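Visitor: I am new to this structure and would like to learn how to read it. Could you show it to me and take me through a few features?

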Amino acid sequence: MNGVAAPIVAVEPAPVPTDLRPARSVAVVMVVYMTGEALEESLACVLADPQVGEFVIVDNGSTGDESARLRAVAARDRRVRLISGHGNVGFARGANLGARAAKGEVLVFLNPDAFLQPGCIGELVREIEGRPVPCIVGGRVLNADRTEQRGARRGDITPVSALMSLSRLAQRVPAFRRYEVHWEGDAAPDQITPVPTISGACFCMRREDFDAVGGFDEKYFLHVEDVDLCWRVREQGGLVLFHPRAEVVHLGHTSQTSPLKVEFHKGVGLARYFHKRAQGLGERALAFALTPLVIVAALARPLMWRLKGRA
């Protein structure tokens, strides 16, 4: 291990209680692109979990040491299937490629800089069984200090709620509290709970759920595709569930690609999402008016990080 996450991650196989063993086969799908040194620990955590029957890694164009590391992992563990050679096709399309290649009946999507904690997959898979189709169950995403990460569970993201939350009016004005989209500051529930939106860093769906909603919308290149997926699950009368005991530590901001490029795609994705779900002339006009503001705000974030001395 290279030490990036050694103090916070358990990579040794943990005993699996009988009642947590999945009734159906489980495949983990991971899309990789210039992740950096966090990748090694992430791969180790997946392969250490005895419930993982299949691990599909979609290489979106890694180069050098990272590409060689992925080939080495695939060569020494028969559960690993490496898909490569297609270039950087974006996260949504890469995830769909992985899902189509996987043979597992339950799909667990995991970020390459996220570290499964003991029992996480067992909890996710157990809780999704018997749920109506479509259903999505998201884990509790933690920072390295084990505080809940921003975006792990969120409200319904609309133009109005996004503006209220971004301007902090939802925090400062009690009447607008219902528009706050970030719920990580609230006490975590004791049991699995319906929420409008979960994080795409770690979640599971049965294959029939994933197929029922048509998988990820491939018109999103990077970011917001998870928000869109949750919205479409709810639009089809399904459930989006947050699981407080299915824990994963997510480092975030480990990508070696340009932060400006990442934030640009996030802004474009959010603008597209607002246009996609807009109904009526008023909502469409609002979505159109917000497009440049959303993209500029997204691009301003890495510039502010640089001014504040953040790497």
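**Reading the model**

Guide: The chain averages a pLDDT of 87, and 86% of the residues score at least 70; pLDDT is the predictor's confidence in each residue, from 0 to 100. This is a predicted model, in which local features need pLDDT of at least 70 and side-chain atom pairs count only at pLDDT 80 or more, while totals for chains, interfaces and linings use all residues. Residues are numbered from 1 along each chain as its sequence is written, and side-chain values use heavy atoms, with hydrogens and water left out.

Visitor: Over which residues does pLDDT stay under 50?

Guide: Where pLDDT is low, the predicted coordinates should not be read in detail. Here pLDDT stays under 50 over residues 10-20.

Visitor: How should I read a nonpolar core, and which residues have the most contacts inside the largest one?

Guide: A nonpolar core is a set of buried Ala, Val, Leu, Ile, Met, Phe, Trp, Tyr and Cys residues joined through side-chain atoms within 4.5 Å, where buried means under 20% relative accessible area, exposed over 50%, and partly exposed in between (1.4 Å probe, protein chains only). In this model the largest nonpolar core has 39 residues, and Phe55 and Leu110 have the most contacts inside it. Helix α1, residues 38-48, gives the most to this core, with 6 residues; helices (H or I, at least four residues) and strands (E, at least two) are DSSP runs, numbered from the N terminus. A second, separate core has 27 residues, including Val56 and Ile198.

Visitor: How do I read a salt bridge, and how many does the structure hold?

Guide: Side chains of opposite charge can pair when their charged atoms come close. A salt bridge is counted when a side-chain nitrogen of Lys or Arg lies within 4 Å of a carboxyl oxygen of Asp or Glu, and the structure holds 21 of them. In one of these, Glu123 pairs with Arg126, with the closest N and O atoms 3.0 Å apart. Because they are 3 residues apart in helix α4 (residues 120-128), Glu123 and Arg126 are separated by about one helical turn.

Visitor: Which parts does the pair of Arg234 and Asp156 tie together?

Guide: The side chains of Arg234 and Asp156 meet in a salt bridge at 3.1 Å, N to O. Arg234 lies in helix α8 (residues 225-235) and Asp156 in the loop between β7 (153-154) and α5, so the pair ties together parts that are 78 residues apart in sequence. Arg234 is partly exposed, with a relative accessible area of 26%, and Asp156 is also partly exposed, at 28%.

Key:
Contact = heavy atoms within 4.5 Å.
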